[in-house]
Amino acid sequence: MFQMNQSPISLDSRRKKFSKVLSKQTGSAPKQLNNQTSKTSDTRLTPPNNSWPKCSSHLEITIPKDLKLKEAEKADEKQLIIDAGQKRFGAVSCNVCGMLYTASNPEDETQHLLFHNQFISAVKYVGWKKERILAEYPDGRIIMVLPEDPKYALKKVDEIREMVDNDLGFQQAPLMCYSRTKTLLFISNDKKVVGCLIAEHIQWGYRVIEEKLPVIRSEEEKVRFERQKAWCCSTMPEPAICGISRIWVFSMMRRKKIASRMIECLRSNFIYGSYLSKEEIAFSDPTPDGKLFATQYCGTGQFLVYNFINGQNST
């Protein structure tokens with residue numbers, strides 16, 4: 001066997017050789033390595049104060065201000081109701097009672113349940129042997145109920161009036177003179193009460209002061225403006241005969257001239273042998289939709305109003 005006497009290559013000579021190779025490839029000599037290289041590489045992974053120094057490189061990304069604003073605007077538009085897989089959420093309109101409520105809201109669900117049951121009971125009409133029929137139409141008929149009618153008829157009227165008050169948001173106040181009221185009901189062909197009108201005798205009304213409309217292009221904008229704007233009336237009383245305390249039509253049966261037909265029957269049957277003019281009729285505290293209807297029916301926004309709650313009318 002031959003034994004080779006070769007001296008081992010020292011670590012310093014290896015470093016010098018490696019630095020010469022790097023200098024030829026990069027054109028610049030690297031920094032001298034020392035024995036602490038491996039130690040510092042390990043300590044760089046975990047800084048002593050657990051905080052990394054800020055990067056001063058040119059690759060640092062800056063977010064434009066306009067992008068931040070857009071992100072903030074999108075955050076405000078996020079839905080406020082959590083979608084947890086429920087069947088319905090948000091605004092829902094019941095296809096039976098027509099009430100608009102917020103699904104998955106316990107308070108709204110309870111209010112809808114109460115009104116729904118009340119509505120089902122109130123609008124159900126089984127028919128009476130003696131009906132005071134004022135007019136008949138292809139889609140139903142109009143009957144009138146007077147205070148001297150049987151108790152079952154008056155009980156039905158009270159039930160309907162309570163439901164109408166809840167739907168219209170009225171303060172449930174008794175009529176000024178119940179013995180002189182006339183109630184008109186529109187009965188559909190499927191035996192449901194889809195319209196109600198309650199009228200009473202009055203002596204005075206007050207003229208609505210009509211405001212000037214701004215420049216409105218479309219009909220939808222005009223209707224929206226009429227519903228949102230406030231209204232006021234004159235303090236000078238004018239003679240009136242008939243006061244419409246409540247007029248209501250089921251929401252899913254509107255736009256079918258039901259309210260107009262009930263008023264026409266009222267005008268010819270309120271006083272025996274007389275047909276009331278539109279100037280002799282006053283509306284009590286109309287809702288936005290009621291004000292819009294009165295304006296269209298009377299042909300002017302300066303119709304008569306009266307307030308039966310505050311007792312401004314005398315009987």
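**View 1. Gly299 follows helix α8 with a positive phi, near 80°.** Helices are DSSP runs of H or I, at least four residues, numbered from the N terminus. The model is predicted: local features need pLDDT of at least 70, side-chain atom pairs count only at pLDDT 80 or more, and totals for chains, interfaces and linings use all residues. Residues are numbered from 1 along each chain as its sequence is written, and side-chain values use heavy atoms, with hydrogens and water left out.

**View 2. Helix α8 (residues 288-298) is largely enclosed by the rest of the structure, because eight of its eleven residues are buried.** Buried means under 20% relative accessible area (1.4 Å probe, protein chains only). Among the buried residues are Lys291, Phe293, Tyr297 and Cys298.

**View 3. The largest cavity holds about 60 Å³ of space.** One cavity of 30 Å³ or more is counted. A cavity is a set of points on a 1 Å grid over the protein atoms alone where a 1.4 Å probe fits but cannot get out; lining residues have an atom within 4 Å of a point. Eleven residues line the largest cavity, and Val145, Val157, Tyr178, Thr181 and Thr183 are the closest to its centre. Helix α5 (residues 151-168) gives the largest share of this lining, three residues. By type, the lining has eight nonpolar residues, two polar and one charged.

**View 4. Over residues 32-44, pLDDT stays under 50.** pLDDT is the predictor's confidence in each residue, from 0 to 100. Residues 32-44 have five contacts (heavy atoms within 4.5 Å) beyond four places in sequence. Residues 55-61 also stay under 50, with one such contact. The protein averages a pLDDT of 74, and 61% of the residues score at least 70.

Technical notes: 1 Å grid on protein atoms, 1.4 Å probe; cavity = no way out; pocket = protein on both sides within 12 Å on 5 of 7 lines; lining within 4 Å. Points joined across faces, edges and corners; volume = space filled by probe spheres on them. Helix = DSSP H or I, 4+ residues; strand = E, 2+ residues; numbered from the N terminus. Nonpolar A, V, L, I, M, F, W, Y, C, P; charged D, E, K, R; others polar. Buried < 20%, exposed > 50% of the residue type's maximum accessible area, 1.4 Å probe, protein only.
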